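Here is a quick tour for anyone opening this structure for the first time.

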Amino acid sequence: MSFLTSFTENVRKFPEKVALEFIDPPLQRVTYAELDSLINRTAAYLQGLGVVPGDRIALQLSKSLEFILLHLATVRMGAITLPLNLAYPPDELNYFLEDSGTKLFFALESSKDKIQNILPGLPDLQGCIFLEPSKPDQFISQIAKSPSVNLQSPTASLTATAVIIYTSGTTGRPKGAEITHGNLSSNLEALHISWGWQPDDILLHVLPIFHVHGLFVALHGALHAGATTIMMREFDARKTLQTLVDRRCTIFMAVPTIHQRLLDVPDAKSFNLSHVRLITSGSDRLPDEVFTGFQKTFGHTLLERYGMTETGMNCSNPLHGERRIGSVGLPLPGVEVRIVNSEIEEPLPIGEIGDVQLRGSNIFKGYWNQPEKTSASFSADGWFKTGDLGYLEADGYLTLCGRSKDLIISGGLNIYPPEVERVLAEHPAVAACAVIGCPDREWGERVTAVVVLEKTESASGEELMRFCREKLAPYKSPKSIVFKDGLPRNAMGKVQKGELRKEICSGIA
Ligand code: MLC
């Protein structure tokens with residue numbers, strides 16, 4: 001069953017129920033029946049532009065009804081959505097559009113000047129449509145008046161790719177993870193059961209919708225359940241607490257940085273969240289202080305879960321039962337977890353730390369046009385190698401305790417140091433560099449670059465940061481630069497990042 005089948009059933013069961021409500025301008029509210037009709041009209045519009053199953057449709061739009069309609073219409077007609085972070089500068093954008101062979105690109109009118117130059121160089125691109133979601137008359141009103149197609153029954157098979165999301169890697173350029181209709185539907189059902197989703201749930205949605213967390217877990221989760229989603233276009237801590245109270249929301253999902261900001265609201269304790277039945281945390285390790293802070297301040301035990309772009313959700317602490325501090329909980333239905341020795345890939349006994357590997361219907365199809373990288377990410381016997389280190393307890397709980405790959409997670413977003421190092425190395429004054437994550441109360445980890453300058457050149461930290469921001473999304477760009485005369489290296493010449501972290505991180509505010 002495609003994940004949109006359950007949505008279609010909900011349209012039949014709850015036509016008049018509010019599916020989505022945007023609570024900041026432009027205020028918008030659509031029922032299940034209206035949403036269904038708008039999706040079909042958007043599909044007709046896309047068909048009119050020549051979109052056929054399998055085409056890649058890229059969206060670099062703000063969090064909006066336009067984004068949601070284009071995404072759901074794309075997957076309903078068997079084409080593939082490519083959601084893109086708004087923070088990607090033209091260099092990165094160009095790579096994603098070219099690599100994916102995007103046919104149609106929807107971008108913000110306000111980005112026109114910035115991205116116009118890259119468009120003629122994209123061989124597969126047949127059109128770029130600029131939209132301004134702050135002016136709903138421009139697209140939504142037109143779509144509402146336009147003809148529809150009847151696409152009620154799903155057109156794509158479960159093995160067909162529904163969405164491609166780019167993730168960076170330790171080597172080379174970012175890779176497009178192909179997520180199938182089957183991946184989406186099986187994972188949605190697993191979460192539906194595990195978290196006890198109900199049609200009368202009200203989800204407060206504050207996350208971006210260009211990632212797995214905001215798009216699949218939160219938005220698709222609510223549509224699958226026939227629930228109502230209250231959409232906040234941009235996260236604001238006080239407004240989030242006020243909305244949870246005013247709108248009697250029952251479910252809230254966020255990343256640890258957001259939970260920390262809620263705790264930092266000066267009168268946080270005065271917000272009574274007793275009617276909220278579930279608050280989840282994911283995309284990054286949940287610090288113990290945030291877990292206990294939530295218990296003290298809001299009387300809520302956060303439910304931590306574990307996921308990845310390539311796999312969707314893997315494990316979750318239970319809805320009923322012990323939510324164990326520091327643990328990501330138990331494998332979800334249909335997901336298997338094993339811990340193996342990294343050298344010989346032999347399963348390890350309970351309690352021993354090793355590589356976390358996964359198997360199940362949630363695991364992605366592969367990296368777009370990258371068969372070697374795809375096969376390298378699976379063990380010989382078909383388990384997906386997460387790159388995380390962890391151990392299992394006798395009762396099945398998984399605890400993560402590090403990464404076997406070089407990765408920084410900041411505010412719930414993954415940053416691969418080699419990508420930042422490659423950009424820094426292009427600067428003429430940089431002789432060598434290493435990028436590390438230093439612990440940070442707000443972001444979880446703070447991107448920090450350690451730079452050795454060429455003997456004859458000079459550059460300030462500000463200049464290097466500016467240089468990075470021209471070529472990389474701002475969240476990937478270093479927040480601190482530390483200059484050194486040399487980098488600690490092992491006998492093979494490899495930079496010893498562990499040493500650097502010990503030496504540098506304690507000195508970073
Ligand atoms: C913003 N900035 C960040 C950042 N987000 N820096 C580092 N890490 C981040 N995550 C920077 C901006 O570049 C800007 O810098 C400054 O912070 C303020 O920008 P902003 O846009 O005002 O930030 P804000 O709205 O406060 O965003 C913070 C945030 C956001 C925590 C709300 O990052 C967020 O929504 N994170 C969630 C990401 C997410 O959904 N991840 C799920 C991935 S899926 P300057 O210098 O320009 O001012 C996944 C799988 C799974 O991982 O398991 O879920």
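Predicted model: local features only at pLDDT ≥ 70, side-chain atom pairs only at ≥ 80, totals over all residues.

A residue counts as buried under 20% relative accessible area, exposed over 50%, and partly exposed in between, using a 1.4 Å probe and protein chains only.

Numbering starts from 1 along each chain as its sequence is written, and side-chain values use heavy atoms, with hydrogens and water left out.

Now the big picture. The protein has 15 helices and 25 strands, which are DSSP runs numbered from the N terminus (helices: H or I, at least four residues; strands: E, at least two). Its C-alpha trace spans about 65 × 55 × 50 Å along the principal axes. The radius of gyration is 23 Å, which agrees with the value near 23 Å for a compact globule of 509 residues; it is taken over C-alpha atoms, and the globule rule is 2.2 Å times the number of residues to the power 0.38.

Contact means heavy atoms within 4.5 Å. Of the contacts in the protein with a separation of 6 or more, 67% join residues 24 or more positions apart.

Is glutamate 21 buried or exposed? Glutamate 21 is buried, because its relative accessible area is 11%. Leaving aside residues up to four places away in sequence, glutamate 21 touches Gln28, Arg29, Thr229, Ile230, Met231 and Arg247.

On to the ligand. There are 24 residues around the ligand, and Arg261, Ser283, Arg305, Ser410 and Arg469 come nearest; being near takes a heavy atom within 4 Å. By class, this shell has twelve nonpolar, eight polar and four charged residues. Helix H8 (212–225), helix H10 (256–263) and strand S13 (303–308) each supply at least two of the shell's residues.

| Residue | Protein atom | Ligand atom | Distance |
|---|---|---|---|
| Arginine 261 | side-chain N or O | oxygen | 2.5 Å |
| Serine 410 | polar side-chain atom | nitrogen | 2.6 Å |
| Glycine 411 | backbone N or O | nitrogen | 3.0 Å |

On its own the ligand has 1,000 Å² of accessible area (Shrake-Rupley method, 1.4 Å probe), and the protein covers 72% of it.

Definitions and conventions
Polar contact = N/O pair within 3.5 Å; in protein donor to acceptor, adjacent residues only side chain to side chain. Nonpolar A, V, L, I, M, F, W, Y, C, P; charged D, E, K, R; others polar.
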